[in-house]
Amino acid sequence: MSAVTTSFAETAADGIREPVIELVDARKTYRTGEIEFEALRGIDLQVTEGEYVAIMGPSGSGKSTLMNILGCLDVLTTGSYRLGGEDVEQLSEADLARVRNRQIGFVFQQFHLLPTLSAWRNVELPMVYGQVAKAERRERAEAALTRVGLGDRLDNRPGELSGGQQQRVAVARALAGEPTMILADEPTGNLDSASTADVLGLFDELHEAGRTIVLITHELEVAQRARRIVFVRDGRITSDEQVREVAA
Ligand SMILES: Nc1ncnc2c1ncn2[C@@H]1O[C@H](COP(=O)(O)OP(=O)(O)OP(=O)(O)O)[C@@H](O)[C@H]1O
Ligand SMILES: [Mg+2]
């Protein structure tokens, strides 16, 4: 498979769908004692509903910093961030936690599953915090696991599943809360090539079903599965391109 890219500006003018992410002149400065380091240096980024975007960049370029901001795990030093139309910079800690729980489904490199809980219990857990009724939690967990092809592994613990299956449980957990977007940080970083193909295939399906996906990766092959690639370097966006698959 090969891919060609076109400038994002050429194709982003449809203007019909709602923006999910709106970052304007986003800056993040870390302070370590006397030393300050500006990890994000004026990022402008819009992601609309249903987009599948990969964020790429070398080590230290600011990807995880950006992911933490997008995921409401940290706040900007200056600039603004609107998520699903809500001005995140104005929110209290408690409200941030609520927004995080309701709007974002996280998928991490290390699956972050609880080893003592079965697959469906793991998927159910965020809904416990989200105050979803018990019967509905079970139903939604089963549906999400079936969706990722693990309907026959509901009662298996993470240790009884392959790496790819564990990551699919994590994707099911991200989906079960019906979030505004899926935010994945190096989701294939710990997977062999077969499991990587498996998880990326799942992301393709989710994209086709209209989900908004933001995927952070340093692997070009993974990024090219998205429909748009944003390159970050030294805390700035250096390019923003649509990906179009072409016949090999
Ligand atoms: N808590 C922190 N305190 C101080 N500096 C930090 C902190 N977190 C990150 N940095 C610095 O900010 C810059 C961006 O870091 P970040 O973790 O976002 O990079 P990254 O693109 O995710 O890199 P990698 O691909 O290695 O994960 C780096 O120079 C890093 O040293
Ligand atoms: Mg990182």
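Reader: Which residues are buried in helix α4 (residues 119-129)?
Author: This is a predicted model, where local features need pLDDT of at least 70, side-chain atom pairs need 80 or more, and totals for chains, interfaces and linings use all residues; side-chain values use heavy atoms, without hydrogens and water. Residues are numbered from 1 along each chain as its sequence is written, with chains lettered from A and ligands numbered from 1 in the order written. Helices (H or I, at least four residues) and strands (E, at least two) are DSSP runs, numbered from the N terminus. Buried means under 20% relative accessible area (exposed is over 50%, partly exposed in between; 1.4 Å probe, protein chains only), and in α4 that gives Ala119, Trp120, Asn122, Val123, Glu124 and Met127.

Reader: What is the strand order in the open sheet of four strands?
Author: Two strands count as paired if DSSP finds at least two bridges between them. β2 (residues 19-32) and β3 run antiparallel over eleven bridges, with Lys28 opposite Leu40 in β3. The edge strands, each pairing on one side only, are β3 (35-48) and β6 (86-87). Put together, the antiparallel order is β3-β2-β5-β6.

Reader: And what angle does helix α2 make with β2?
Author: Helix α2 (residues 63-70) packs on that sheet and touches β2, β3 and β5 (78-83). Axes are lines fitted to C-alpha atoms, for helices over the stretch in contact, and angles run from 0 to 180 degrees between N-to-C directions. For α2 and β2 the answer is about 120°.

Reader: How much of ligand 1's accessible area does the protein cover?
Author: An oxygen atom of ligand 1 is 2.6 Å from a side-chain N or O atom of Ser59, and Thr65 has a side-chain N or O atom that is also 2.6 Å from a ligand 1 oxygen. A backbone N or O atom of Ser61 lies 3.2 Å from a ligand 1 oxygen. On its own, ligand 1 has 640 Å² of accessible area (Shrake-Rupley, 1.4 Å probe); the protein covers 59%.

Reader: Which element gives the largest share of the shell around ligand 1?
Author: The shell takes residues with a heavy atom within 4 Å, including Tyr30, Phe37 and Lys63. Elements giving two or more residues are β2, β3 and α2. With three residues, the largest share comes from α2.

Reader: Why does Arg228 count as buried?
Author: Arg228 lies in strand β10 (residues 228-233), and its side chain makes a polar contact with that of Glu51 at 3.0 Å. A polar contact is a pair of N or O atoms within 3.5 Å; within protein, one must be able to donate a hydrogen and the other to accept it, and sequence neighbours count only if both atoms are side-chain atoms. Arg228 counts as buried because its relative accessibility is 1%.

Conventions: Contact = heavy atoms within 4.5 Å.
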